[in-house]
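Subject: Structure handover

Hi there,

Here is the structure I promised to pass on. Have a look, and my notes follow just below.

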Protein chains: 2
Amino acid sequence: MKYLTIGKVAKQAQVNIQTIRYYERQELLPKPLRSESGYRQYTSDTVKRIRFIKHAQELGFSLKEIAELLALRVHADVACESVKSLAEAKIQDIELKIQSLQRMKQTLSTLVTCCEHRKNTSDCPILEALEPPS
Amino acid sequence: MKYLTIGKVAKQAQVNIQTIRYYERQELLPKPLRSESGYRQYTSDTVKRIRFIKHAQELGFSLKEIAELLALRVHADVACESVKSLAEAKIQDIELKIQSLQRMKQTLSTLVTCCEHRKNTSDCPILEALEPPS
DNA sequence: GTAAAGGTTATACTTAAGTATAGAGTCAAG
DNA sequence: CTTGACTCTATACTTAAGTATAACCTTTAC
């Protein structure tokens, strides 16, 4: 199997080369093999992993949290119980996020409907509706 | 109606006082009334607004995006059509986020099930499953 | 009426998450 | 066999989103 250079990985994963090295320093990516001359040698797993990271970021996870998510996999066979609770906590997190997003969406839909009816939007209590669950 | 000082608002909204002033500079909060002596005078609307901001942040919106969301309300009666399209775009955003979170959640649930069955979790393809939609 | 608590501005510092640059070595195409 | 594209490390810069500090003024509580 052919190895990928950092430039190829960067292109495929749509990130800056520096970002890859940064993720390595932050231990979000494992230290890759090196060629004789010191070039990093990647496989397409790294591309997948980077895409996962970027994607999770867009969902509002910090790199630290993402590291935890990734660690779930790595250490799974080591400490199954703790993996399970971490995963369950994350699931809770995610459910709350989903609920909030759904409320947000609902409110925006209401706003759109208001717009369609050309009424004054002071009837659309966007702020109130978007408030966190009290 | 009694006004709130910045300290009260900070306490009620659970944020740092500096954060409130920072939001004002960033125009996420309107410039408040001032007392004779220059103290900011708020109403509880500001508390709501700050809570909304913090909440939206947790969902992965940047302050800039949040400013747009908030602007929907302010300018609604001014340019209804453009508000509508902005809102619709945000709804799309939100739907995508929800979908991703749901996939993420599904995968984590699978991981939990694996843990429960005490199998080796190399069967749980967390990375693959959590990948962005291709 | 005087401290303590809380407000004001302005400026500087911090953290997360990159991004850019310099100076040097390596690879591959003509 | 050299030139251009690529890589390496190390260091420094940037942006977003706050936080902290100094030096000063105002309000409140005893």
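The surface near DNA strand C divides into 7 nonpolar, 9 polar and 4 charged residues; Ala, Val, Leu, Ile, Met, Phe, Trp, Tyr, Cys and Pro count as nonpolar, Asp, Glu, Lys and Arg as charged, and the others, Gly among them, as polar. This is a predicted model, in which local features need pLDDT of at least 70, side-chain atom pairs count only at pLDDT 80 or more, and totals for chains, interfaces and linings use all residues. Residues are numbered from 1 along each chain as written, chains are lettered from A and ligands numbered from 1 in the order written, and side-chain values use heavy atoms, without hydrogens and water.

Around DNA strand C there are 20 residues (a heavy atom within 4 Å), and the closest are A:Ser37, A:Gln57, B:Gly7, B:Arg21 and B:Tyr39.

- the side chain of B:Arg21 places an N or O atom 2.4 Å from a phosphate oxygen;
- A:Gln57 has a polar side-chain atom 2.6 Å from a phosphate oxygen;
- an N or O atom in the side chain of A:Tyr39 is 2.7 Å from a base nitrogen.

Helix 2 of chain A gives the most to this surface, with 4 residues (helices are DSSP runs of H or I, at least four residues, numbered from the N terminus).

In chain B, B:Ile6, B:Gly7, B:Val9 and B:Ala10 of helix 1 meet B:Ile17, B:Ile20 and B:Arg21 of helix 2, with contact meaning heavy atoms within 4.5 Å.

Best wishes

Terms used: Helices (H or I, at least four residues) and strands (E, at least two) are DSSP runs, numbered from the N terminus. A polar contact is a pair of N or O atoms within 3.5 Å; within protein, one must be able to donate a hydrogen and the other to accept it, and residues adjacent in sequence count only if both atoms are side-chain atoms.
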